[in-house]
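Hi everyone, thanks for coming.

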Amino acid sequence: MNLIGNIIWLIFGGLIVALEYMIGGIILCLTVIGIPFGIQNFKIGMATLAPFGLKIVDRAAQKGQAPGCLTTALNILWIFCGGIWIALTHLVFGLVLCITIIGIPFGKQHFKLMGLCLMPFGKALV
């Protein structure tokens with residue numbers, strides 16, 4: 001079922017969104033300061049390619065630790081430099097898709113991606 005969901009997701013816009021994240025990541029990686037943010041864009045782009053069957057977990061929680069101060073600082077900077085708008089976009093798309101019964105699984109994937117887009121530092125894709 002995950003395979004069918006991912007194929008439908010890619011056909012109806014997932015591939016375009018993933019390419020946008022990848023292009024944004026390449027542009028951010030052109031500067032030394034933007035490399036950490038570009039890597040997070042690549043992570044979000046990979047999650048957008050196949051969100052069905054994907055689980056997003058905290059790396060620190062896997063190890064039983066608290067997130068570091070650098071992770072927290074980079075997440076705060078990410079939120080103020082555009083992460084909030086990306087997360088709000090996924091929220092709106094998720095709400096619109098949840099209007100119909102057929103769109104609910106796709107809306108749930110947008111809600112999952114919203115959590116990743118809000119604070120991507122310290123998260124791992126499983």
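A residue counts as buried under 20% relative accessible area, as exposed over 50%, and as partly exposed in between, using a 1.4 Å probe and protein chains only. By that rule P120 is buried, at 0%. Before I go on: this is a predicted model, where local features need pLDDT of at least 70, side-chain atom pairs count only at pLDDT 80 or more, and totals for chains, interfaces and linings use all residues. Residues are numbered from 1 along each chain as its sequence is written, and side-chain values use heavy atoms, with hydrogens and water left out.

So where does P120 sit? P120 is in the loop between α5 (104-118) and β2 (123-125); helices here are DSSP runs of H or I with at least four residues, strands are E runs of at least two, and both are numbered from the N terminus. Contact means heavy atoms within 4.5 Å. Leaving aside neighbours within four places in sequence, P120 is in contact with Q40, K43, I44, N75 and W78. W78 is 42 residues away from P120 in sequence, yet their C-alpha atoms are 8.3 Å apart.

Now to α5 itself. Its buried residues are F106, G107, Q109, H110, L113, L116 and C117. Looking down the axis of α5, they fall within an arc of 165°, so they line one face of the helix; that arc is taken from the directions from the helix axis to the C-beta atoms. These buried residues pack against α1 (2-29), α2 (35-49), β1 (56-58), α4 and β2.
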